[in-house]
2 protein chains.
Amino acid sequence: MIRISLDLMGGDFGPEVVIPGAAKALERHPSVSFVMFGQQEKCAPILAQYPALREKSVFHHCEIAVGMDEKPSQALRRGRYKSSMWKAIEAVKAKEADVAVSAGNTGALMAMSLFCLRTMANIERPALAGIWPTLKGESIVLDVGATIGADAQQLLDFAVMGGAMARALFEIERPMVGLLNVGVEEVKGQEEVKEAGRLIREAGLDTINYYGFVEGDDLGRGTVDVVVTEGFTGNVALKTAEGTARQIAEYLRAAMSRTLLARLGYLLAKEAFDRLREKMDPRKVNGAVFLGLNGIVIKSHGGTDAEGFAAAIDVGYDMARNGLTQKIENDLKEYHARHSSSAGPEAA
Amino acid sequence: MIRISLDLMGGDFGPEVVIPGAAKALERHPSVSFVMFGQQEKCAPILAQYPALREKSVFHHCEIAVGMDEKPSQALRRGRYKSSMWKAIEAVKAKEADVAVSAGNTGALMAMSLFCLRTMANIERPALAGIWPTLKGESIVLDVGATIGADAQQLLDFAVMGGAMARALFEIERPMVGLLNVGVEEVKGQEEVKEAGRLIREAGLDTINYYGFVEGDDLGRGTVDVVVTEGFTGNVALKTAEGTARQIAEYLRAAMSRTLLARLGYLLAKEAFDRLREKMDPRKVNGAVFLGLNGIVIKSHGGTDAEGFAAAIDVGYDMARNGLTQKIENDLKEYHARHSSSAGPEAA
């Protein structure tokens, strides 16, 4: 039985989206139970509308809700130990939940998760791993914005952690891992990326299959199962892809409403368009995972709806069910046992 | 009258694409003349098929053609002073042409352009500026891969140069310029980007309108006229957008051929789909510009066809006609006159 802790106050709409989202997720995973944190007066009336969910949930009142615009330092000062976001994470630490899900602001969620759960041994920095829809299915891309910059050793850690997540999520034994670079020749690119390629090759990891360098257009192609990059580039790539998808959807909408014939064609092909819309629906791939912490925390888009939040819970469910944290710990242990001299600079 | 020098041997298909491309461009700009460089035995038979073009062109035989996979250092060693690529660039230096266009490999073209034309005063590094289709029209994005990494002063130079290009290409008096970052709050992002934002603000440039930070999804939205970033991130963003566009086109194709009704709808709306295809056609926005050199060099995609190559010539034509080099020089001069203490570290 998987237990999920929820920050009901996170996101642009708080409990109005989080609670219906949890209800949807419960329909798909009836064995799940929830630990919920939020402001009583706002949450109780909504929760009352979902009796099946209420029955599988324990609700805890929290006075403080972290604002979507609060800086991490400010959120920590105001919300540590007592906000709904903190409490949801703390439930994972206290083993009262297997995974925490929040649609709260990324910086605050990252700071609180780091402060509360701490990084795993030998991991200096956590990464935020996103799920990327591809022509072949889905890939994992990390870091999509937890921290700016990464040295070669950190990129190697990302490769190991991303590999473990791919094994947990896609159930592939030895996922194909690539390093994001410009140009595929060994001579190009940033020094850290080149060095990381050398480190990963030399490490000869059993848990992943190192592919080499990939480029921006390999993301949508699904060339590899896991794409590793530092948080600045990963975040720009993610948002660029989202922006491009919206841009093309807008072109398509405009093209299809321009003439009578186009509108008629649209009506006939409506089912196909609906299918396409579903394929391009960003809600379906909502739910990024903080990797490298002693516990699983899922970040949902702040502006998503109930369907999107339910997708984030689905990701958390899969991660917990497949023992993500344990997989990462084992993979890191195996690597560091073999390469004890090259352990990260800050063992937690 | 604009004179354009062409590297006939560049690109995956060499003269088979470059010559028909030039013929197309000539139809659009009948006053243009060409200086062409390539291997006589390969080029002459193709050129013979385009009598109108041949009449407006001077052809020079070059024994050496730079390979698409040659490393910059290798290309320089083998092709300096004598390859078709070098000769096309040299024609700009010798004032025999106003702009050079090549579909040859980016690294070699960059190295040869730098070596032959040298950077402008106060410019340490050139940038490759791409034209990005947006919901509002087009934007300029730089650097899309000339060099990896950029410090704050270089990002400021990119802003000035990109602004000058926007004035030349879009004929906007004071283009809106944004710095690519993650998150729009002043606190986030790389140190260089933050510092560049401060420098640009303080510079109080008359030639551009500084917008502030933009994110990946602002690229397709067309939030600003010029997006400034260093070459690694810019290249990843560009290729990610191209990959996403291809991915969605593939989804659309699959959706529209799945059922009889969808196929019928597609036929009815065919004109709309053609229009969409044209909107998404990467050939239409082919032609990136090396900025910061004492002369204009246009890089065409290596894999493009005649239509695409003609688009790259169009960009060169516009840049030359609107006096890009002069605009950049003036804008840089104005900036450096006012901020003589903060001049770039390597005045050429």
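Predicted model: local features only at pLDDT ≥ 70, side-chain atom pairs only at ≥ 80, totals over all residues.

User: Back up to the helix. Which residues of α4 in chain A are buried?
Analyst: The helix covers residues 72-79. A75(A), L76(A) and G79(A) are buried there.

User: How do those buried residues fall, seen down the axis of α4(A)?
Analyst: They fall within an arc of 100 degrees, so they line one face of the helix. An α-helix has 3.6 residues a turn, so residues three or four places apart point the same way.

User: And which exposed residues are on the face turned away?
Analyst: S73(A) and R77(A).

User: What covers the buried side of α4(A)?
Analyst: The cover includes α5 (84-93) and α6 (106-117), both of chain A.

User: New topic. What rotation superposes chain A on chain B?
Analyst: One of 180 degrees, with 0.0 Å of shift along the axis. The RMSD is 0.0 Å. The two copies are thus related as by a two-fold rotation axis.

User: Which residue of chain A comes closest to the axis?
Analyst: G265(A), with its C-alpha at 1.9 Å.

User: Last one, the largest nonpolar core. Which members touch the most others?
Analyst: M165(A) and M165(B), out of 247 residues.

User: What does M165(A) touch, leaving out residues up to four places away in sequence?
Analyst: A129(A), I140(A), V289(A), L291(A) and L324(A).

Definitions and conventions: Residues numbered from 1 in each chain as written. Chains lettered and ligands numbered in written order. Buried ≥ 20, exposed ≤ 12 C-beta atoms within 10 Å, placed from the backbone. Helix = DSSP H or I, 4+ residues; strand = E, 2+ residues; numbered from the N terminus. Arc of directions from axis to C-beta. Contact = placed C-beta atoms within 7 Å. Least-squares fit on C-alpha atoms with pLDDT ≥ 70 in both. Core = buried A, V, L, I, M, F, W, Y, C linked by C-beta atoms within 7 Å.
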